[in-house]
Amino acid sequence: ANVSGLFLLKCVIKTDGSLDRCRIAKGHPLMDQQVLGSVSQWRYTPVMYQGKPVAVEYIVRVLLKQN
């Protein structure tokens with residue numbers, strides 16, 4: 001599709017480090033579903049609060065570049 005640019009997604013990092021409830025805040029209609037599919041496989045280190053993992057909302061930035 002030759003699409004490049006910055007995508008911003010709002011997601012919840014769950015207590016196991018997986019992403020949940022991701023939605024596009026800024027994107028491109030031709031690539032939104034592909035970016036959501038890729039990001040759903042990403043894993044983060046869970047956020048810790050008082051020694052316990054907690055779920056937090058997080059802004060995920062994805063930069064697509066053409067080669």
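One aromatic pair turns up in this predicted model, where rings of Phe, Tyr and Trp (its six-membered ring) pair if their centres lie within 6.5 Å. Its partners are Tyr-44 and Tyr-58, with ring centres 5.6 Å apart and planes at 65 degrees, so the pair is edge-to-face. That label is for planes over 60 degrees apart, while those under 30 count as stacked and the rest as tilted.

Residues are numbered from 1 along each chain as its sequence is written. Local features need pLDDT of at least 70 and side-chain atom pairs 80 or more, totals for chains, interfaces and linings use all residues, and side-chain values use heavy atoms, without hydrogens and water.

- Tyr-44 sits in the loop between H1 and strand E3 (47–49) and Tyr-58 in strand E5, so their pair ties together parts 14 residues apart in sequence.
- Helices (H or I, at least four residues) and strands (E, at least two) are DSSP runs, numbered from the N terminus.
- Tyr-44 is partly exposed, with a relative accessible area of 26%, and Tyr-58 is partly exposed at 37%.
- Buried means under 20% relative accessible area, exposed over 50%, and partly exposed in between (1.4 Å probe, protein chains only).

**The sheet**
- Three strands make an open, antiparallel sheet in the order E2-E1-E5; two strands pair if DSSP finds at least two bridges between them.
- Strands E2 (19–26) and E5 (56–64) are at the edges with a single partner strand each, so one side of each has no neighbour in the sheet.
- From one strand to the next, the twist averages 30 degrees, using axes fitted as lines to C-alpha atoms and angles from 0 to 180 degrees between N-to-C directions.
- Strand E1 (residues 5–13) is joined to E2 by five bridges, and Lys-10 has Arg-23 in E2 as its bridge partner.

**Helix H1**
- Gln-33 belongs to helix H1 (residues 32–39) and counts as exposed, at 60% relative accessibility.
- Between Gln-33 and Pro-53 there are 20 residues in sequence and 29 Å in space, C-alpha to C-alpha.
- Asp-32 is also in helix H1; this residue is buried yet has no salt bridge, and the nearest side chain of opposite charge, Lys-26, is 11 Å away.
- A salt bridge needs a side-chain nitrogen of Lys or Arg within 4 Å of a carboxyl oxygen of Asp or Glu; Lys and Arg count as positive, Asp and Glu as negative, and His and the chain ends are not counted.
- A polar atom of the Asp-32 side chain lies 2.9 Å from the backbone nitrogen of His-28.

Note on methods
Polar contact = N/O pair within 3.5 Å; in protein donor to acceptor, adjacent residues only side chain to side chain.
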